[in-house]
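Thank you all for making the time this morning. I would like to take you through one model, slowly, and say at each step what the terms stand for.

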Amino acid sequence: MKKIEAIIKPFKLDDVREALTEIGITGMTVSEVKGFGRQKGHTEIYRGAEYAVDFLPKVKIELVLADNDVERAIEAIVETARSGKIGDGKIFVLPVEEAIRIRTGERSEAAV
């Protein structure tokens, strides 16, 4: 099993969720996060004063999938979240040692 963490622009969330649902992936956790990479934030003017906005709003999607679903999920996220402009986001793939469904006690891929 693998855990996919995708950090994307907030307005792309619905499109990414739909793309994942179309390929049969339904379970996910979504968090509103803030951060920056090469974008490095930007400056804004408020009441005549200029200030730096260092952390930009993003959305983090977390999925735990069977190994054979990972590449399809990555492709769906990349194709849907890509705008070609700086700040499109990142995808991280991590190994998952175990998953347990609390309600039933199912383990591993059966719990996902």
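Residues are numbered from 1 along each chain as its sequence is written, and side-chain values use heavy atoms, with hydrogens and water left out.

On confidence, pLDDT is the predictor's own confidence in each residue, on a scale from 0 to 100. The protein chain averages 90, and 89% of the residues score at least 70. Confidence is highest in E1, at a mean of 98, and lowest in strand E3, residues 42–46, at a mean of 65. Where pLDDT is low, the predicted coordinates should not be read in detail.

Turning to the layout, the protein chain has 2 helices and 6 strands, where helices (H or I, at least four residues) and strands (E, at least two) are DSSP runs numbered from the N terminus. Read from the N terminus, the order is β-α-β-β-β-β-α-β. If we take contact to mean heavy atoms within 4.5 Å, then among contacts with a separation of 6 or more, 71% are between residues 24 or more positions apart. Of the 112 residues, 30% count as buried, which by definition is under 20% relative accessible area, with exposed being over 50% and partly exposed in between, for a 1.4 Å probe and protein chains only.

Now to helix H2, residues 70–81, which has 12 residues and reaches 16 Å from its first C-alpha to its last, close to the 16 Å expected at 1.5 Å a residue; that expectation is 1.5 Å times one less than the number of residues. Which residues of H2 are buried? They are Val70, Ala73, Ile74, Ala76, Ile77, Thr80 and Ala81. These residues cover an arc of only 165 degrees around the axis, which puts them on the same side of H2, the arc being that of the directions from the helix axis to the C-beta atoms. As a reminder, an α-helix has 3.6 residues a turn, so residues three or four places apart point the same way. What covers the buried residues of H2 includes strand E1 (2–8), helix H1 (13–22), strand E5 (56–65) and strand E6 (89–95).

Leaving aside neighbours within four places in sequence, Leu20 is in contact with Ile25, Met28, Leu63, Ala73, Ala76 and Ile77.

For the charged pairs, a salt bridge is a side-chain nitrogen of Lys or Arg within 4 Å of a carboxyl oxygen of Asp or Glu, and a search of the whole structure finds 7 of them. One of these joins Lys3 and Glu5 at 3.3 Å, N to O; Lys3 is partly exposed, at 24% relative accessibility, whereas Glu5 is buried, at 17%. Lys3, Glu5 and Glu62 are linked in a network of salt bridges. Another salt bridge joins Asp88 and Lys9 at 3.7 Å, N to O. This pair links distant parts of the chain, 79 residues apart, with Asp88 in the loop between H2 and E6 and Lys9 in the loop between E1 and H1. Both Asp88 and Lys9 are buried.

Finally, the backbone. Gly24, which follows H1, has a positive phi, near 90 degrees, and is exposed, at 58% relative accessibility. Ser108, a residue other than glycine, also has a positive phi, near 60 degrees. Ser108 lies in the segment after E6 and is partly exposed, at 32% relative accessibility.

Notes:
Predicted model: local features only at pLDDT ≥ 70, side-chain atom pairs only at ≥ 80, totals over all residues.
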